[in-house]
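Please walk me through this model in the viewer, stop by stop. Tell me what to select next and what is there.

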Amino acid sequence: MTTDTGRPRRLTILGSTGSIGVNTLDVVRQLGGRDTFEVMALTGNGNIELLAQQARETGAKLAVTADESQYIALKDALSGSGVDVAAGVSGLDEAASLEAEWVMAAIVGTAGLAPTLKAASRGADIALANKECLVSAGELFVEAVRAGGGRLIPVDSEHSAIFQCLDNQQRHALERIILTASGGPFRTFTRDQMAGVTVETARTHPNWSMGLKISVGSASMFNKALEMVEAKHLFSLRPDQVEVIVHPQSIVHSMVGYSDGSVIAQLGTPDMRTAIGYALTYPRRPKLDVERLDFAKLARLDFEAPDEARFPALRLARIALERGGVQAAIMNAAEETAFNAFVERRIGFLDMAEVVEAVMDRLVSCPPASTIADVFAADAEARRTAAQIITIREQAA
Ligand code: NAD
Ligand code: MG
């Protein structure tokens with residue numbers, strides 16, 4: 001893919017060593033690699049060997065580890081390669097600042113917010129996988145992209161599906177969007193069964209292969225909770241226009257309902273490379289080597305209503321959407337803190353939602369954020385409150 005001037009399109013991948021990052025590099029390879037794209041910056045965290053290998057293979061200008069203690073290791077791994085090396089928050093900022101026209105935002109969690117905002121405000125097209133930054137910064141994030149002049153192209157499979165189904169000439173006729181959810185590994189579990197599950201079982205997603213946080217989030221349905229907020233901001237929807245349906249096969253990636261009763265859906269095999277490729281070559285469709293759907297083999301597609309009693313995350317997302325302001329930032333930060341405590345085996349699986357709800361109840365006042373500093377302040381307060389609640393629960397146990 002060349003630009004108007006005929007030179008390869010420049011791209012940066014924030015979070016290149018993760019599941020989305022690795023898939024993005026695979027798509028880049030499929031679409032011609034160095035002949036088609038010029039890789040400006042790649043960033044990772046702890047996985048230095050993989051980051052160095054990616055930087056050498058792509059001929060990236062800059063490789064950044066978010067973990068400052070790994071700076072020397074990365075420098076050593078890339079010595080003689082001609083790749084510049086940086087680390088920490090300032091390194092991520094440098095990566096986001098390099099003149100790439102297209103930036104994949106694939107860092108996990110709120111850690112991705114600052115560098116993604118930097119890339120957005122200098123006008124890059126943002127391919128957004130890192131939903132947490134949109135959940136926490138909401139309108140401010142959308143406004144930063146608008147002010148920068150670049151495009152915001154969703155990569156989350158559901159939001160990519162909706163983006164593909166939207167008829168922008170008929171926005172007035174849009175009634176609702178329907179996010180599909182696989183239901184995760186505990187779709188048929190009772191709450192008693194869920195109470196004892198481990199991180200190892202919670203991370204085994206039935207259809208998608210993904211990073212740890214989103215896999216656990218799929219099991220608790222907090223991932224869908226974040227996606228409800230993500231959809232509201234991406235597509236400027238009212239909370240009552242955002243619906244969720246459980247669809248265990250993950251073939252229908254999401255749907256859009258219009259005022260004439262029509263529902264338009266996007267389907268595919270569960271492979272993130274389709275959504276990544278769509279974001280990379282938008283508005284053209286690339287040719288990708290991904291498995292094609294075989295409807296005769298599929299035979300059936302199932303749908304069922306989500307159970308908010310067993311999966312309270314969906315109810316909490318509705319509360320966050322209705323309260324507005326920084327409440328979604330609070331929900332997101334509390335969820336990240338509770339998730340970390342679950343992974344460290346300090347709390348159980350069901351405790352995650354209880355901690356998030358307790359934080360949202362305590363920090364119920366949620367004025368709209370007028371600056372990103374307000375978002376970071378709400379995020380920090382939610383993390384502190386969640387940490388206190390987790391400690392109290394541990395002491396009581
Ligand atoms: P992952 O855990 O596999 O990768 C995360 C990336 O972020 C890695 O490159 C890691 O080095 C980097 N990272 C981790 N902590 C960091 C920190 N503190 N500072 C800077 N960088 C850090 O995650 P993933 O599954 O690839 O998901 C990435 C994002 O994409 C998440 O927001 C997730 O919700 C979203 N997403 C993922 C999928 C998927 O299929 N994996 C699908 C839809 C959306
Ligand atoms: Mg998704």
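In which loop is Asn-130 found? Select Asn-130: this residue is in the loop between strand E6 (125–128) and helix H6. Keep in mind that the model is predicted.

**Stop 1: Asn-130**

The relative accessibility of Asn-130 is 1%, and buried means under 20%, so Asn-130 counts as buried. Now show its side chain. A polar atom there lies 3.2 Å from the backbone oxygen of Gly-109. Leaving out residues up to four places away in sequence, Asn-130 touches Ala-105, Ile-107, Val-108, Gly-109, Gly-112, Leu-113 and Thr-116.

**Stop 2: ligand 1**

The shell holds 22 residues, of which Thr-17, Ser-19, Ile-20, Glu-132 and Gly-211 come nearest. Sorted by class, that shell has 10 nonpolar, 9 polar and 3 charged residues.

- Gly-15: a backbone N or O atom lies 3.3 Å from a ligand oxygen.
- Ser-19: a polar backbone atom is 2.9 Å from a ligand oxygen.
- Gly-211: a polar backbone atom is 2.8 Å from a ligand oxygen.

How much of ligand 1 does the protein bury? Taken alone, ligand 1 exposes 830 Å², and the protein buries 85% of that. Colour by element now. H1 and helix H6 (131–148) are the elements that give two or more residues to the shell.

**Stop 3: helix H1**

Select residues 19–30, which make up helix H1.

Which residues of H1 are buried? They are Ile-20, Gly-21, Asn-23, Thr-24, Leu-25, Val-27 and Val-28. Then step past the helix to Gly-32, which follows H1 and has a positive phi, near 115°.

**Stop 4: Ala-181**

Finish in strand E8 (residues 174–181), where Ala-181 is found. Is Ala-181 buried or exposed? Its relative accessible area is 3%, so Ala-181 is buried. Beyond residues up to four places away in sequence, Ala-181 touches Met-221, Lys-224, Val-244, Ile-245, Val-246, His-247 and Pro-248.

Key:
Residues numbered from 1 in each chain as written. Chains lettered and ligands numbered in written order. Predicted model: local features only at pLDDT ≥ 70, side-chain atom pairs only at ≥ 80, totals over all residues. Heavy atoms only, no water. Helix = DSSP H or I, 4+ residues; strand = E, 2+ residues; numbered from the N terminus. Expected span 1.5 Å × (residues − 1). Buried < 20%, exposed > 50% of the residue type's maximum accessible area, 1.4 Å probe, protein only. Near = heavy atom within 4 Å. Polar contact = N/O pair within 3.5 Å; in protein donor to acceptor, adjacent residues only side chain to side chain. Areas by Shrake-Rupley, 256 points an atom, 1.4 Å probe, with all protein chains shown as cover. Nonpolar A, V, L, I, M, F, W, Y, C, P; charged D, E, K, R; others polar. Contact = heavy atoms within 4.5 Å.
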